[in-house]
Amino acid sequence: MSKKDNKIAMLNDNSIQNIENRKQHHGYHKTVSNMKTPQKYIEQKMGLDYVKYGYMRDLADKFYPGWSWTIIKCAPLGSEAYEVHGRLKWFDNGIWREGDCVAAHRIQKKRGSNEFVDVGNDLKAANTDTIKKAFNMFMNIADDIYRNQIDEYELNKNQIQQLLNNASDIDDDTATVIADKIDTREINLYNFEQSLNKLKEMKK
């Protein structure tokens, strides 16, 4: 067993700080993700639920003020659909982030003919579909409707400290490995007890 020193203490402090910063970012998105979408903003199309754009835009304004949307490319997919590639930019816990999305919308034709109903409206709908996809993908808006919610599996600060303390009692290499596994979430709530017991066995 190696002797504890300032290097290990610094490693522990830095690891906890990095993880806490990530948890703060994750926690903010989790708050948005856990919001229940009011029924009046939910509609159906072809048997699938979808959320009205106005509601998603309102949450984007509230939780990510200053966001912007840029159309990178738009093009027809034959004569049946129109595709939009857009870029969402938003301010997220002190950092400007960007993310791209692509979506398509079917071009409506009059029944029994190849005459278009309203191409302008179809193009607008394609852009709206793409923005909504980006709102959900990057901001976690309406996760309950789009089935993107997940159970909490993050370690709390006390659990992280227990793992790091036990690892540093073994040797420097073990402390480094455990810190890395916590940071990448390889060690999480689901395998915390197993990981902690293994470290305690290694100390004997």
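This is a predicted model: local features need pLDDT of at least 70, side-chain atom pairs count only at pLDDT 80 or more; totals for chains, interfaces and linings use all residues.

Entry 1, a strand pair. I began with strand 4 (residues 81-92) and strand 5 (residues 95-106), which run antiparallel and are joined by 12 bridges. I then looked up Leu88 and found that its bridge partner in strand 5 is Gly99. At the turn of this hairpin, where two residues lie between the strands, I noted that Asn93 takes a positive phi near 50°.

Confidence is highest in helix 2 (residues 53-63), at a mean of 95, and lowest in helix 1 (residues 6-33), at 60. Over residues 1-12 the pLDDT stays under 50, and for this stretch the model has 18 contacts beyond four places in sequence.

I looked up helix 4 and helix 6 (residues 192-203), whose axes come within 9 Å and cross at roughly 20°. Because angles under 35 degrees count as roughly parallel, I wrote down that helix 4 and helix 6 are roughly parallel to each other. The residues making the contact include Gln159, Leu163 and Ala167 of helix 4, and Phe192, Leu196 and Leu199 of helix 6. I also noted that the crossing of helix 4 and helix 6 is left-handed.

Is Glu154 buried or exposed? I found Glu154 in the loop between helix 3 (119-139) and helix 4 (157-168), and at 10% relative accessibility it counts as buried, because the cut-off for buried is under 20%. Glu154 and Leu189 are 35 residues apart in sequence, yet their C-alpha atoms are 5.7 Å apart in space.

Methods. Residues are numbered from 1 along each chain as its sequence is written. Side-chain values use heavy atoms; hydrogens and water are left out. Helices (H or I, at least four residues) and strands (E, at least two) are DSSP runs, numbered from the N terminus. Buried means under 20% relative accessible area, exposed over 50%, partly exposed in between (1.4 Å probe, protein chains only). pLDDT is the predictor's confidence in each residue, from 0 to 100. Contact means heavy atoms within 4.5 Å. Two strands pair if DSSP finds at least two bridges between them. Axes are lines fitted to C-alpha atoms, for helices over the stretch in contact, and angles run from 0 to 180 degrees between N-to-C directions. Angles under 35 degrees count as roughly parallel, over 145 as roughly antiparallel, 65 to 115 as roughly perpendicular and the rest as oblique. A crossing is left-handed if the near helix is turned anticlockwise from the far one by less than a right angle, and right-handed if clockwise.
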